Amino acid sequence: MSTSRDLPAGHVHLSRRQVLLSGAAIAAGGLVSAALPRWAFADSSLHFIPFMQISRLLVNHDLDDAVGARMLALLQVDDPQLGQKISQLLAIARSREATVVEAFFPAIPAGPIQALAYRIIFGWYTGSLTATRDAKSFAFEQALTWRTTQDILTIPSYGISGPNQWQRANVPVHPVPHF
């Protein structure tokens, strides 16, 4: 007994319904995969928003959320009480109604909370959390130290096009002043 599904090899027979359902499944898969990076923060999202809030208060720059997520992941590995310390930093900032770091930083007590604040600032500027040889880097081109030198005259041996991008010629420094 042969049915419509028993076709000779190489022949495909799809109804409109099967094509429509297949297309819907592919579209749904695309939407789910596009949303996965946002769902990847599910564990750290509890601390991610407060972390970015305190980061934006401590560092007055346009901060990249992806870099913040990488920094937060490294901080969480080193410090199990990170969430409590971030909450304490935010509480100090809110009690001072701070919009800039200068408004609340002197009120941060010396100790682990102040060390965390310094570490967050250091991290955003350098792209790593420590100044040791075995430090893990979470940002390079996005580190704020790199951004501050992007628009100024470069040393002739250093390419302005970006880190490790030496192909672009440097702007000539003519005329050189004579003293």
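**Figure 1. Accessible surface and make-up of the chain.** The chain exposes about 12700 Å², and carbon and sulfur atoms supply 60% of it (Shrake-Rupley method, 1.4 Å probe; for residues, only the protein chains shown count as cover). This is a predicted model, in which local features need pLDDT of at least 70 and side-chain atom pairs count only at pLDDT 80 or more, while totals for chains, interfaces and linings use all residues. Residues are numbered from 1 along each chain as its sequence is written, and side-chain values use heavy atoms, with hydrogens and water left out. The chain has six helices and zero strands (DSSP runs numbered from the N terminus: helices are H or I with at least four residues, strands E with at least two). Of the 179 residues, 28% are buried (under 20% relative accessible area; exposed is over 50%, partly exposed in between; 1.4 Å probe, protein chains only). Among contacts between residues at least 6 apart in sequence, 47% join residues at least 24 apart (contact: heavy atoms within 4.5 Å).

**Figure 2. Packing of helix α4 (residues 82-95) against helix α5 (residues 112-126).** The angle between α4 and α5 is about 90°, and their axes are 10 Å apart (axes are lines fitted to C-alpha atoms, for helices over the stretch in contact; angles run from 0 to 180 degrees between N-to-C directions). The two helices, α4 and α5, are therefore roughly perpendicular (65 to 115 degrees; under 35 is roughly parallel, over 145 roughly antiparallel, the rest oblique). From α4 the contact takes Leu82, Lys85, Ile86, Gln88 and Leu89; from α5 it takes Pro112, Ile113, Leu116 and Ala117. Seven of these residues are nonpolar, one is polar and one is charged (nonpolar: Ala, Val, Leu, Ile, Met, Phe, Trp, Tyr, Cys and Pro; charged: Asp, Glu, Lys and Arg; polar: the others, Gly among them).

**Figure 3. Lys85 in helix α4.** Lys85 counts as buried because its relative accessibility is 18%. Apart from neighbours within four places in sequence, Lys85 is in contact with Asp79, Pro112 and Leu116.

Figure 4. The 15 residues of α5 should span 21 Å at 1.5 Å a residue, which agrees with the 20 Å between its end C-alpha atoms (expected span: 1.5 Å times one less than the number of residues). Buried residues in α5 are Ile113, Gln114, Leu116, Ala117, Ile120, Gly123 and Trp124. Gly127 follows α5 and has a positive phi, near 85°.

**Figure 5. Glu97 in the loop between α4 and α5.** Glu97 is not a glycine, yet its phi is positive, about 50°. With 70% relative accessibility, Glu97 counts as exposed.
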